[in-house]
Amino acid sequence: MKFAAPKSPSPSPPSSPGRRRYRPRSTFGVPPDTSSDEDSDSDGASVASSDSFCYASESEVPPPPPKPRRNRPLAEQYMMEDAVASIRLHVNHRDPYEEWEKETRQEAFRVARQHHAQDRVQQRKERNQAHAKVQEELAAMHEQQLEEVQRQLAALNMEKQREEEQLRAQWKERDRKLWERIDAVIKMEEEKVRVKLEAERKKREEEERVKREAEEKRRQEEERKRKEEEEKRKQKEMEEEEQRKQQEAERERVERERAEEQERKALGFTTAFEDWKRARETLKALKMGPMKTVKADKALKSIWSAGRRAITPKIGQLTNDPQAINTISQQLVEIVRPATPHPQPVYLALLSSLAKAILLQAETEVTAEKRSALPLAQVTTNLLTVLEGFADVFWAKLCQRAGGWPVPVVVPAKDADGTAFTEEARRKALGYRGEDESLAEYTTRVSGMMRVYFQVLVTPVNQPLDPVVRLPRYWTFFSRMLRDPQLLDSSVAPHVLHVALDVGGLLAREVWGQQWVRLLSLLYEGVTVGYHGIEGRLIGGKSPEGIAARVRVQLEIERIMGAL
C-alpha cells in the first residue's frame, strides 16, 4: 500500500483568506474533505465503516460514541482517509489465485470421491468373488463328506444284512430243534394218552362184565326169591349198602382233601386267600411293629430317614446297563445292611422304604416306558437274593399298592383278621390312591407294577427264592385268574393278562410246552367267544377299556402261537 506524503508549501507568499487553498490529492484518488466539519464526518464514517466488518450489515453497527471535536492536521486527515480507502479496496478485491486454488481443491475432492467409489465397488466385487469361491470350496467339501458318509452307511447296511442273515439262520435252526422237541413231547403225550385210554377201555369192559354178572345174579335171586318179605329185606339191604357207600365216599373225599392239603403245604403251595392274608398280616405287622417303634424313637427315626433319603436317588439313577445295575444293587445293600448292622426295627423299616421306592418307580417310569422294567426287576431280584426278609416286605407292599391283582384274588368284604372293611378301607385295600383316582389311572398304575413283578418272576436266579417271586408263580397266576369269573369280568383283568403275556409268554411256552398251549387256547376263547363255556361273556366286560385291552390280549396270544 502506498501512502503519499503531503507536498510542502511553495515559497510563494501566502494567499489571502479569500483565495482557494491548495489541497493535495491522495494516491488512491479519494477527494479530501472541504472543511473541518467534513473532516470530522469523514472520520466518523471511516470508523463506522471499519466497525461494519464485525456485523452483518451497516444498519446493525451502533453509532460511534461522541468524540471530542478537535482540529487535526491535514496530513493526518489525509493519511487516515488513505488508510480507509485501502482497506475498502482490499475487502472488495477478488484474487484469481485464491479462486483457482479453491476450484482446484474442489475438483480434487470430487475426483477423490469418484476414485473412492470405484475402489469400493472393486473391493465389493473382489469380496463377492472370494465369498463365491469359498462357497464353492465348502460345497465341494460337503459333497465329498456326503459321499464318504454314504459309503460308510452302505458298508454298515451290508454288515447289518449279513448279521440279520446269520440271525435268521440261527433262529431257523433253533425253531427246527424246538419243533423236534415239541414233536417228541407230543408223541410221548399221545402215547401216554393211548395207554391210558386202553387201560380205561379194559377197565370199562371189566366193569361191564362184572355189572352184567351181578345183574344176572340179582335177576336169578329175584326169580328165586319172589316173596314180598325177601324183596323188602333185599331192598333194605340195598338202602343200607347205598348209605354205607355214601359214607365211605364222603370219608374218602375228606381224607383226600386232607392229604392234598398236607401235600400242598409240603410243596409250599398255598391258596389265593392264604397269599393275600400273608400280605395283609405282614403289612399290619410292619405298621404296628418296626414302623411304630422307629417313628417313636428320635435316634432310630434319624437313621431311618437318612437311609430312606439315600435309597430314593439310587432307584432313580437306574439304567439298562449290567454294570450300573450291579453297582446300584450293591450300594442299596450297603445302605440297608451296612458293615455295622442297623437295629432290627430300622432294618425292617428300610426294607419297607426300599420296596416302596421300587414300586413308585414302577408306577411312574414303567408306565411311560415299559423297557425300564428290566433294570428295575433285575435290581429287585438281586436284593431278594441278598436281603433277608425282603420277599415278605416286597410282597406286602405290592399287594398294598396293587390290591389283589398280584395274587390274584378278589379282595373279600373282611380283612385278614376278620374285621369287616368299611367302604373307604376296602377301596384302599384294593390299591386305590385317594378318592379322586379314576379307574384308568388305577389300571395304568397297576399295570406298571405288575410288569415289574412278572419281570422278577422270569428273571433267572442262582439260588432258591420265596415262592411268591419264583417262576411257578407265573403259572399259578394264570390258573387262578381263569378260575375266577369275578376277576375276569373286571376291565383291569385284560390289561394285567396282556402285561403277563408280553413279559413271559414265550418263556412259559418253553417251560410248560403243550400245557401252556392249552391254557392259551382257553384264554383265547375267553377273549373271543366267552369263558367257562358261556358264549358272549368275554374277559374284561363291555367297557371301552376292557374291549381295547382284550384285543391286545388276543394279538399277544396270536404272536406267541405264531412263534411256535
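**Charged patches and salt bridges**

Tutor: Glu 423, Glu 424, Glu 435, Asp 436 and Glu 441 form a negative surface patch. This is a predicted model, in which local features need pLDDT of at least 70 and side-chain atom pairs count only at pLDDT 80 or more, while totals for chains, interfaces and linings use all residues. Residues are numbered from 1 along each chain as its sequence is written, and side-chain values use heavy atoms, leaving out hydrogens and water.

Student: What makes a group of residues a patch?

Tutor: Patches are made of residues with over 30% relative accessible area and no salt bridge; like charges are joined within 9 Å, and nonpolar side chains (Val, Leu, Ile, Met, Phe, Trp, Tyr) within 5 Å. Lys and Arg count as positive, Asp and Glu as negative, and His and the chain ends are not counted. Each charge is placed at NZ of Lys, CZ of Arg, CG of Asp or CD of Glu. Accessible areas come from the Shrake-Rupley method with a 1.4 Å probe, and for residues only the protein chains shown count as cover.

Student: Where is Glu 423 found, and is Glu 423 buried or exposed?

Tutor: Buried means under 20% relative accessible area, exposed over 50%, and partly exposed in between (1.4 Å probe, protein chains only). Glu 423 counts as exposed because its relative accessibility is 73%. It is found in helix H11, residues 423–429; helices (H or I, at least four residues) and strands (E, at least two) are DSSP runs, numbered from the N terminus.

Student: Which residues form a positive surface patch?

Tutor: Lys 287, Lys 295, Lys 301, Arg 308, Arg 309, Lys 356 and Lys 428 do. Helix H5 (272–296) and helix H6 (298–316) are the elements that give two or more residues to the positive patch. H6 supplies the largest share, three residues. Arg 309 is in helix H6, and at 59% relative accessibility it counts as exposed.

Student: How many salt bridges are found in the whole structure?

Tutor: Side chains of opposite charge can pair when their charged atoms come close. A salt bridge is a side-chain nitrogen of Lys or Arg within 4 Å of a carboxyl oxygen of Asp or Glu. A search of the whole structure finds 32.

Student: Which parts of the chain does the pair of Asp 415 and Arg 280 link?

Tutor: Their side chains meet in a salt bridge at 3.1 Å, N to O. Asp 415 is in the loop between H10 and H11 and Arg 280 in helix H5, so distant parts of the chain, 135 residues apart, are linked.

Student: Where is Ser 447, and is Ser 447 buried or exposed?

Tutor: Ser 447 is in helix H12, residues 439–458. Its relative accessible area is 12%, so Ser 447 is buried. The side chain of Ser 447 reaches the backbone oxygen of Thr 443 at 2.8 Å.

Conventions
A polar contact is a pair of N or O atoms within 3.5 Å; within protein, one must be able to donate a hydrogen and the other to accept it, and residues adjacent in sequence count only if both atoms are side-chain atoms.
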